[in-house]
Amino acid sequence: MNGAESLVRTLSGAGVSVCFANPGTSEMQFVDALDRTGLMRCVLGLFEGVVTGAADGYGRMAKSPAVTLLHLAPGFANGAANLHNAKKARTPIVNLVGDHATYHLQYNAPLTADLEGAVTPFSDWVRMSTSAATIGADGAAAVAAAMSGPGRVATLLAPSDTGWDPGGVVAAPIAPTPPGAYDRAALDAAIAAIESGEKTLIYAGGAVLEDPELTGLLNAIAEKTGVTVLAPGSNRRIERGAGRARINKLPYPIDMALEVLAPYRHAILIEAPEPVGFFAYPNKPSRLLPDDTARVVLATAEEDGVGAVRALADRLGVRKPLVVDAARPVAPGAGSITYGALAAAIAAALPEGAIISDEGITVGRDIYGMTAGAPPMTWLAITGGSIGIGPPLATGAAVACPDRPVVALQADGSSMYTIQALWTQARENLNVTTVIFANQSYEILKQELFRVGANPGRSALDMLEINRPELDFVSLACGMGVPAKRVSDAAELCRAIADAVKEPGPFLIEAMIDG
């Protein structure tokens, strides 16, 4: 057995069943091992950003890692942006990155680079394999690192000779490290804050939002004590919709966020960092909570927020989750697709059990609130701010959950970073309905331009608009094997989404926005 086969067998034995790949010459021995063993589903992406983003979507839904197969430092660099998002989301992923054979590195061939230096900023765990005899054990350690609480990006670097040399040894799985304990002293401080009679915020993220029972307990705590519960603006996964507690998110625009947070004298943080501005702005604070707000860190993102919520509820005498359903969304009538009509059309069309990939950015700002009363769903969002996550995130989610429809809410500009994901959706016959919000603009960047005090002219605005020529998403989709249609009417958009999610395979709808 060579090293490559021992690694594939080790990963499979540890529960890894999917490989998202964009391999090159230095990975051919692993391609061969994947083929010969038949132990994993291999999914090809035409760009490394599709591969890494798909691994993120898969990991968020499966709650276990896929392995990516990437080609040297340049190939990894192509996928790094979506690994940034995955690291912020704390998604379990194992990256297998090929490198030149150990004896070849000294010759500085064209693709030679500082591979370890390239991967480190985007990984929580990094190891360079040194031999065929040890690469299996390295793989077992990588899976354990990825699965350790709360989820990590583990990157294993594999020189070619560690794969093709004989002497591979299959390693047994290694138990991952669970999340750390929540701060029991902070629990007392949290109770004191809640019982102080002063305005108190519970700011919760991470695994807490993935369990409807926990969000229901937070809702019940809020109902009993008068505290407010908020989630960060971006979260790896929220279980929401009818029958599940409504948890509002902190707004993205800094002035709105400052206004929302201004009244609170106490903030209890559970698996969520203290809220800060997405960017710095002239004459605006970086920390969004008032300076005199007392912060209580009940559980960090690396600690047991689930246990912390249960303990908090128990101390407050809250025994049952509380859910008050929002009204069922009403489909819009005929007319142009305004921001409000867009949100109404999507909310009314969503089927039960849908997985939402949200990269709607500005145009989609109303959709989250409007869908509160829609059927139960899973909501996946951009977490690290690196755009281009939407199409591959939806792709990976569909691979993880083939029995559930996936709806990708997608800004037009950011879709072009990873539009190749449509090809993978077609090849794998994935049930992904992509709704492109076509406003021919980087609208969010226009707003940011004004937030920094600029008075833009034509040259500046030209850098933020994507017209001249206009993108034709129907043609782009059809060229990659995905059927598509363009829609300009809100009622027709609602019908198109409702029809598309019922059919197997991918479909794209280009929604022409009348902003």
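The model is predicted, so local features are given only at pLDDT of at least 70 and side-chain atom pairs only at pLDDT 80 or more, while totals for chains, interfaces and linings use all residues. Residues are numbered from 1 along each chain as its sequence is written, and side-chain values use heavy atoms, with hydrogens and water left out. Helices (H or I, at least four residues) and strands (E, at least two) are DSSP runs numbered from the N terminus.

**Sheet**

- Six strands form an open sheet with parallel pairing, in the order β2-β1-β3-β4-β6-β5, where two strands pair if DSSP finds at least two bridges between them.
- β2 (41–44) and β5 (125–128) stand at the edges with a single partner strand each, so one side of each has no neighbour in the sheet.
- From one strand to the next, the twist averages 20°, with axes fitted as lines to C-alpha atoms (for helices over the stretch in contact) and angles between N-to-C directions running from 0 to 180 degrees.
- Strand β1 (residues 18–21) runs parallel to strand β3 (residues 67–71) and is joined to β3 by three bridges; the bridge partner of C19 in β3 is V67.
- Helix α4 (residues 72–89) packs on the sheet, where α4 touches β3, β4 (93–99) and β6 (153–159), and the direction of α4 makes about 165° with that of β4; contact here means heavy atoms within 4.5 Å.

**Cavities**

- The structure holds two cavities of 30 Å³ or more, a cavity being a set of points, on a 1 Å grid over the protein atoms alone, where a 1.4 Å probe fits but cannot get out, and lining residues being those with an atom within 4 Å of a point.
- Grid points are joined across faces, edges and corners, and a volume is the space filled by probe spheres set on the points.
- The largest cavity has a volume of about 60 Å³ and is lined by V8, L11, C19, F30, L34, M40, V67, T68, L69 and L96.
- The elements giving two or more residues to the lining of the largest cavity are α1 (3–13), α2 (28–37) and β3, and the largest share, three residues, comes from β3.
- By class, the lining of the largest cavity has nine nonpolar, one polar and no charged residues, with Ala, Val, Leu, Ile, Met, Phe, Trp, Tyr, Cys and Pro counted as nonpolar, Asp, Glu, Lys and Arg as charged, and the others, Gly among them, as polar.
- The second largest cavity holds about 40 Å³ of space, and its lining consists of F20, V43, L44, G45, V50, V51, A54, T395 and T424.
- β2 and α3 are the elements that give two or more residues to the lining of the second largest cavity; α3 gives the most, with three residues.

**Second largest pocket**

- The second largest pocket has a volume of about 340 Å³, a pocket being an open set of points with protein on both sides within 12 Å along at least five of seven lines.
- Of the 22 residues that line the second largest pocket, P150, G151, A207, E210 and R236 are the closest to its centre.
- α3 (48–62), α6 (135–147) and α11 (305–315) each give two or more residues to the lining of the second largest pocket, which divides into eight nonpolar, five polar and nine charged residues.

**Residue D138**

- D138 is found in helix α6 and, at 8% relative accessibility, counts as buried (buried means under 20% relative accessible area, exposed over 50% and partly exposed in between, with a 1.4 Å probe and protein chains only).
- Leaving aside neighbours within four places in sequence, D138 is in contact with W125, R127, S129, T130 and L156.
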